[in-house]
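This report describes part of a nonpolar core and a sheet, together with the helices that accompany them. Please read it beside the sequence and the model.

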Amino acid sequence: MTNDGPVQHGYPHLETVRASINALYKRLSYDTVHTFETSVAPVDVAFCDTDDLYLGAQRVARELVRHYRLPDARFVVSFREMTHAANVELTAGPEYFVELNDRFRTHRRDIGAALAHEVMHVYLHRLDLSFPGVRENEILTDTATTYLGAGWLLLDAYREDAASSQKLGYLTPEEFGYVLAKRSLVFGEDPSVWFTSAQAYTAYVKGMARARQDEQQPPLTAAGWAGRRRYAHDRRHAGPGPQPGVPYTFTPDGGGRLRVSFPCPTCHQRIRVPVRGRVRARCAVCRTVLECDT
């Protein structure tokens with residue numbers, strides 16, 4: 001949690017974020033991911049200053065449990081002084097103990113954001129889905145929270161001006177915006193209407209622009225002129241191994257014919273197709289149909 005300190009920006013964790021989206025599709029399946037097409041509604045996690053602190057936190061936790069479909073999980077929420085925003089004990093359940101930073105006693109509208117991340121820890125624990133290393137695993141948790149419909153709360157908790165700043169989670173604001181945009185492009189949902197933070201909206205717009213770039217990389221037909229020209233050059237001079245600065249790789253198949261592999265713009269699974277002009281490919285993981293000019 002950033003509290004009146006510098007906020008990191010940009011996309012320093014982008015490769016781990018993409019690997020996280022891919023891991024979600026592989027572990028959950030296309031069908032299960034699509035059961036999360038509706039995000040947590042603002043009214044369901046709203047927290048007023050007049051609400052009882054503990055009863056209100058329990059209510060929000062229960063709503064997030066319902067959203068993640070953890071029917072036998074019960075959360076006991078407490079508050080204490082700590083460096084991080086929150087902490088959860090990952091046990092066999094069904095009862096889990098969540099500690100929230102004392103800051104949330106007076107910043108109650110962000111309790112839903114903190115709990116969304118902690119309840120996702122339990123969800124991933126039950127799936128036995130994790131990445132090696134604490135930071136990578138936290139990035140996976142932020143990404144899963146966002147892609148499965150509760151992470152807009154984490155981005156909306158980002159606020160920054162000349163005098164103060166606050167950000168929850170390990171992703172940068174733009175990375176949260178990127179994952180939200182990837183989700184929006186799949187489910188057709190616009191989370192920006194729920195933002196109360198102007199900075200969150202700006203980060204989402206930047207993230208959407210970055211997500212759109214994934215759909216405009218060759219050999220996809222939506223690639224721009226410069227990308228197509230670079231691709232044609234690389235295809236003529238195709239050698240072993242990946243080309244620097246581009247997402248595609250050329251390799252010969254068993255018959256000596258050239259094939260190209262590239263990441264799916266939806267789930268980042270590598271797709272391999274023959275180099276023979278116009279090709280339609282279907283991602284086996286997320287079922288996205290891709291128009292290619294190889």
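Contact here means heavy atoms within 4.5 Å. The model is predicted, so to speak of local features requires pLDDT of at least 70 and side-chain atom pairs count only at pLDDT 80 or more, whereas totals for chains, interfaces and linings use all residues. Residues are numbered from 1 along each chain as its sequence is written, and side-chain values use heavy atoms, with hydrogens and water left out.

Leaving out residues up to four places away in sequence, Tyr-68 touches Phe-36, Ala-116, Val-119, Met-120, Tyr-123, Thr-145 and Ala-150. Thr-145 belongs to helix H5 and is buried, its relative accessible area being 0% (buried means under 20%, with a 1.4 Å probe and protein chains only). Beyond four places in sequence, its contacts include Tyr-68, His-117 and Leu-154.

Tyr-68 is also among the residues with the most contacts inside the largest nonpolar core, which has 89 residues; such a core is a set of buried Ala, Val, Leu, Ile, Met, Phe, Trp, Tyr and Cys residues joined through side-chain atoms within 4.5 Å. Helix H4 gives the most to this core, with 11 residues.

An open sheet has 3 strands in the order E2-E4-E3, with mixed pairing. The elements named here are DSSP runs, at least four residues for helices (H or I) and at least two for strands (E).

| Element | Residues |
|---|---|
| Strand E2 | 74-80 |
| Strand E3 | 86-88 |
| Strand E4 | 95-101 |

E3 and E4 pair in the antiparallel sense over 3 bridges, pairing requiring at least two bridges found by DSSP.

Notes:
Buried means under 20% relative accessible area, exposed over 50%, partly exposed in between (1.4 Å probe, protein chains only).
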